[in-house]
Each structure stands twice: as structure tokens, then as C-alpha cells.
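Hi everyone, thanks for coming. Let me put the structure up, and then I'll walk you through its packing, its rings and its open space.

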Amino acid sequence: MDKLYSLKDIVVPYINLNSDDANKVNNEIKELFDEMAQFFEEELTSTQTWYRISSYKYFINDNILSILITTESGGSAVETYEYHTYNFDLKTSKLLDYKSIYNSVGYTSDNIDSKVETAINNYERLKEFANEFYDKSLQEPITFKQKSINNYYDSVANKKIAYFLDSNGKLNVIVRIEMPIGIGEFDTILTIE
């Protein structure tokens with residue numbers, strides 16, 4: 001590695017809102033920090049060269065506060081990123097669900113899924129594997145694009161979808177993109193147009 005990392009490279013926010021939702025999120029963020037700090041301490045005593053760092057950004061659009069926490073892991077392999085997102089209504093200090101967020105920027109339940117599918121289909125890194133199959137051993141093999149689209153639908157169905165509004169007020173969703181390289185799965189931020 002060509003950079004020295006320290007505990008100071010694990011940066012997470014504190015949500016300064018007075019609500020049960022904010023308290024719950026602050027507890028989740030504290031758990032994330034504690035887990036990363038423990039990992040950092042373990043790496044100090046081992047001979048491995050692996051790191052985990054984090055940073056965050058926040059965006060305010062009208063009365064919506066969106067928070068994006070990015071954790072980066074790397075070392076002897078390709079860096080991987082995980083994203084944690086939280087969206088608050090600043091008037092009520094309550095968390096906003098996916099539907100509330102996409103409705104706030106003009107999408108509906110009739111068009112949001114097709115918009116996300118289009119973003120996946122247009123994802124540049126996935127284009128070169130458009131016609132390759134995800135798993136040929138399946139009874140009906142699917143392409144990497146279709147597996148990535150299925151990952152999106154699974155995250156919505158399981159209520160694990162991560163999303164935020166960026167500085168331009170655009171909806172961004174995090175989708176697990178499947179590709180036949182490296183670890184094969186990459187959480188990716190897609191801006192929905």
C-alpha cells in the first residue's frame with residue numbers, strides 16, 4: 001500500500017435530530033464505527049495489509065436530509081465499497097422510505113423500476129459483459145445484467161434498498177452489480193435519470 005491509514009480515517013456522522021428514528025440511526029452508525037475500529041486494531045497486530053476506512057457526505061434538498069456513508073476496504077485485492085444511506089424529513093425528523101424519496105423527485109411506482117433498470121443497462125462497466133451468463137449451471141442461466149436487475153428487485157422486496165438524493169436533487173440508488181471479475185459483486189451508486 002502506498003498510503004498510511006489511521007483510526008482518524010474512520011469518519012462517521014452523528015445525526016443531530018431529536019427523534020426515535022435519529023436515535024436508532026445514531027446507534028447503527030456507532031455500531032458501524034465500533035466494528036471498523038475493532039477491525040483496525042486487529043490489523044495493527046496482524047501481518048496482513050488490509051484496511052477499512054469510511055467517510056460521509058450529506059445533502060439537503062427542500063426538507064429532506066440525505067446522508068451517504070461510504071466504507072472502503074482494500075489491501076491485496078480490488079477495493080470494495082459499501083454504502084449506508086439515511087433520509088430524514090427535516091420537519092418531522094422521521095426517516096423517509098424509498099417510495100417517499102422517489103415520489104419527492106417525481107417518480108412513481110409505475111416508472112421507478114424501469115428507470116432503475118435503464119440505469120443498470122447503461123452502467124458502463126457492465127456493458128462489456130452484457131451477453132455473458134451469470135451462472136451457466138443454473139437450469140435457466142441469466143446474464144450479469146439480469147442478475148444485477150434481480151439484485152435491485154430483491155433489495156426493494158427485502159426493504160434493504162439504499163438510496164439518497166444528491167446535491168443536484170437527483171435520486172441515487174445503490175445496486176449490487178454482478179460482473180465476472182474480482183469478487184464478482186460490487187455495490188454501485190447509480191444516478192436515476
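I'll start with one tyrosine: at 8% relative accessibility, Tyr98 counts as buried, where buried means under 20% relative accessible area, exposed means over 50% and partly exposed lies in between, with a 1.4 Å probe and protein chains only. Before I go on, please keep in mind that this is a predicted model, in which local features need pLDDT of at least 70 and side-chain atom pairs count only at pLDDT 80 or more, while totals for chains, interfaces and linings use all residues. Residues are numbered from 1 along each chain as its sequence is written, and side-chain values use heavy atoms, with hydrogens and water left out.

So where does Tyr98 belong? Together with Val116, Ile120, Leu171 and Val173, Tyr98 is among the residues with the most contacts inside the largest nonpolar core, which has 27 residues. A nonpolar core here is a set of buried Ala, Val, Leu, Ile, Met, Phe, Trp, Tyr and Cys residues joined through side-chain atoms within 4.5 Å. At least two residues of this core come from each of helix H2 (98-104), helix H3 (112-121), helix H5 (144-157), strand E5 (162-165), strand E6 (171-178) and strand E7 (185-191). Helices (H or I, at least four residues) and strands (E, at least two) are DSSP runs, numbered from the N terminus. Another core, of 13 residues, lies apart from it, and includes Ile15, Ala22, Ile69 and Tyr86.

What does Val173 touch? Setting aside residues up to four places away in sequence, its partners include Tyr98, Val116, Tyr163 and Ile189, with contact meaning heavy atoms within 4.5 Å.

Now the rings. There are 4 aromatic pairs; rings of Phe, Tyr and Trp (its six-membered ring) pair if their centres lie within 6.5 Å, and planes under 30 degrees apart count as stacked, over 60 as edge-to-face and the rest as tilted. Phe59 and Phe164 are stacked, at 5.8 Å centre to centre with 15 degrees between the planes. This pair links distant parts of the chain, since Phe59 is in strand E1 (residues 51-61) and Phe164 in strand E5, 105 residues apart. Both Phe59 and Phe164 are buried. Back to our tyrosine: the ring centres of Tyr98 and Tyr163 are 5.2 Å apart and their planes are at 45 degrees, so that pair is tilted. Here helix H2 and strand E5 are linked, with Tyr98 and Tyr163 65 residues apart. Tyr163 is buried too, at 10% relative accessibility, and ring pairs link Tyr98, Tyr102 and Tyr163 into a cluster.

Two arginines also meet rings. The charged end of Arg52 sits over the ring of Phe39, 5.7 Å from its centre, and Arg125 lies over the face of Phe186 at 5.4 Å from the ring centre. The rule asks for NZ of Lys or CZ of Arg within 6 Å of the ring centre and within 35 degrees of the ring normal.

Let me finish with two single residues. Is Asn168 buried or exposed? Asn168, in the loop between E5 and E6, is exposed, with a relative accessible area of 62%. Ser54, in strand E1, is buried at 5%, and its contacts beyond four places in sequence include Asp9, Val11, Met36 and Thr70.
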